[in-house]
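Hello,

Here is the structure I promised to pass on. My notes on what turned up in it follow below.

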Amino acid sequence: MAPLSSANDEFVVLPIEIPPTAAYPHPAVHEVLVRRNNPKIPTVNDSRSLFLKNIPVDSTESHFRGVFTHLLGAGRYETIAFEDDRQPAVTLDPMQALRVNEFARKRKRADVEEEERRREDDAARLPEVWTRRLQRSSSTAIVLLADEKSVQLALKAITKLQKSQKFPVWGEDLAGDVPSLGASWISEHLQLSRLNKLEAKAAVHGFFTVFNRKEAEAAELAKRLRNEPDEDGFVTVTRGGRAAPASRNEAEEAKQRMIDRQSKKKSELKDFYRFQVRERRKEEQQALVKRFQEDRKRVNDMREKRGKFKPET
């Protein structure tokens with residue numbers, strides 16, 4: 001396989017040896033690009049995670065556990081999150097942080113509600129019809145290690161592979177942990193595709209339960225944002241129609257506009273009465289006179305020093 005190139009110098013190449021198979025009876029080397037995880041939205045685990053690019057299509061958690069055990073030894077690898085991991089059945093989700101902060105819910109109650117939402121999302125998914133998922137070609141993943149030191153050791157071990165030529169073997173010592181591909185994989189898919197009617201019906205009911213709840217939450221949040229006064233104090237009046245869910249950026253902008261209006265209102269009230277204007281002008285004049293007197297005294301002191309100076313003869 002031809003070596004892959006990356007415009008980002010932070011990437012290092014992790015070569016993985018692909019053993020021969022019935023479809024391709026020759027050994028091959030697959031190159032995975034690896035660098036420190038540096039997402040646009042930081043998380044608490046960024047310092048101990050790695051970003052992988054161009055992972056094999058048959059990648060599983062067990063495969064990468066074997067790869068990083070080969071690089072670091074046992075105990076430093078935790079888990080991996082693939083790009084095509086399963087998303088929630090209903091993607092419509094209004095801004096949860098604003099809702100929690102506004103109503104000031106207690107932590108225990110918020111945890112209980114979050115657990116209920118998770119159970120509803122799980123119930124809204126149809127049963128799996130594949131015993132093993134394949135990844136998209138050239139997809140990405142994020143590997144979570146034990147600590148930041150493990151990340152440094154992993155990058156150092158990857159750079160040494162080019163010299164030692166002892167590449168980790170893909171799928172070595174899996175011991176049946178991963179379902180096999182091929183004809184048996186397709187046969188099991190055909191069997192699982194015949195869904196039980198009761199299970200399918202329960203999943204559909206769960207989907208609409210979650211969908212209706214999130215629709216109501218989105219409509220409530222959009223209604224509050226529509227009733228938010230603009231910079232001039234006017235409120236846009238709307239009627240009818242389904243309100244689209246507000247994004248996090250829109251809510252943050254509305255919150256910032258409210259803060260700006262409050263600060264502007266305070267500054268306007270500062271000079272609301274006439275005596276306040278007179279007092280402020282008087283204070284400014286006194287400050288100017290004081291600075292003028294200080295500058296004049298400084299100039300007089302400099303003149304006196306200049307007059308007493310006598311050059312040596």
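Glu284 is partly exposed at 41% relative accessibility (partly exposed lies between buried, under 20% relative accessible area, and exposed, over 50%, with a 1.4 Å probe and protein chains only). Its salt-bridge partner is Arg280, with the closest N and O atoms 3.1 Å apart (a salt bridge is a side-chain nitrogen of Lys or Arg within 4 Å of a carboxyl oxygen of Asp or Glu). Arg280 is partly exposed too, with a relative accessible area of 32%. Helices (H or I, at least four residues) and strands (E, at least two) are DSSP runs, numbered from the N terminus.

Some background before the rest. This is a predicted model, in which local features need pLDDT of at least 70, side-chain atom pairs count only at pLDDT 80 or more, and totals for chains, interfaces and linings use all residues. Residues are numbered from 1 along each chain as its sequence is written, and side-chain values use heavy atoms, with hydrogens and water left out.

The whole structure holds seven salt bridges. One of them joins the side chains of Arg132 and Asp58 (4.0 Å, N to O). Arg132 sits in the loop between α3 (107-123) and β5, and Asp58 in the loop between β3 and α1, so the pair ties together parts 74 residues apart in sequence. Arg132 is buried, at 9% relative accessibility. Arg65 also forms a salt bridge with Glu61, at 2.7 Å between the closest N and O atoms. These two are four residues apart in helix α1, about one helical turn. Arg65 is partly exposed at 35%, and Glu61 is partly exposed at 25%.

Helix α1

Helix α1 covers residues 61-72, twelve in number. From first C-alpha to last it reaches 16 Å, close to the 16 Å expected (1.5 Å times one less than the number of residues). Its buried residues are His63, Phe64, Val67, Phe68, Leu71 and Leu72. They cover an arc of only 145° around the axis, which puts them on the same side of α1 (the arc is that of the directions from the helix axis to the C-beta atoms). They pack against β1 (12-18), β3 (49-53), β4 (77-82), β5 (140-145) and α4 (148-164). Contact here means heavy atoms within 4.5 Å. After α1 comes Gly73, with a positive phi near 90°.

The sheet

Five strands form an open sheet in the order β1-β2-β3-β5-β4, with antiparallel pairing (two strands pair if DSSP finds at least two bridges between them). β1 and β4 stand at the edges with a single partner strand each, so one side of each has no neighbour in the sheet. β1 pairs with β2 (residues 28-36) over seven bridges.

Which strand holds Leu14? Leu14 is in β1, and its bridge partner in β2 is Val32. Leu14 is buried, at 0% relative accessibility. Leu14 and Leu155 are 141 residues apart in sequence, yet 9.1 Å apart in space, C-alpha to C-alpha.

Two loop residues

Asn54 has a positive phi near 65° and is not a glycine. Asn54 lies in the loop between β3 and α1 and is buried, at 12%.

Gln165 has a positive phi near 60°. Its place is the loop between α4 and α5 (183-192), and it is partly exposed at 49%.

Best wishes
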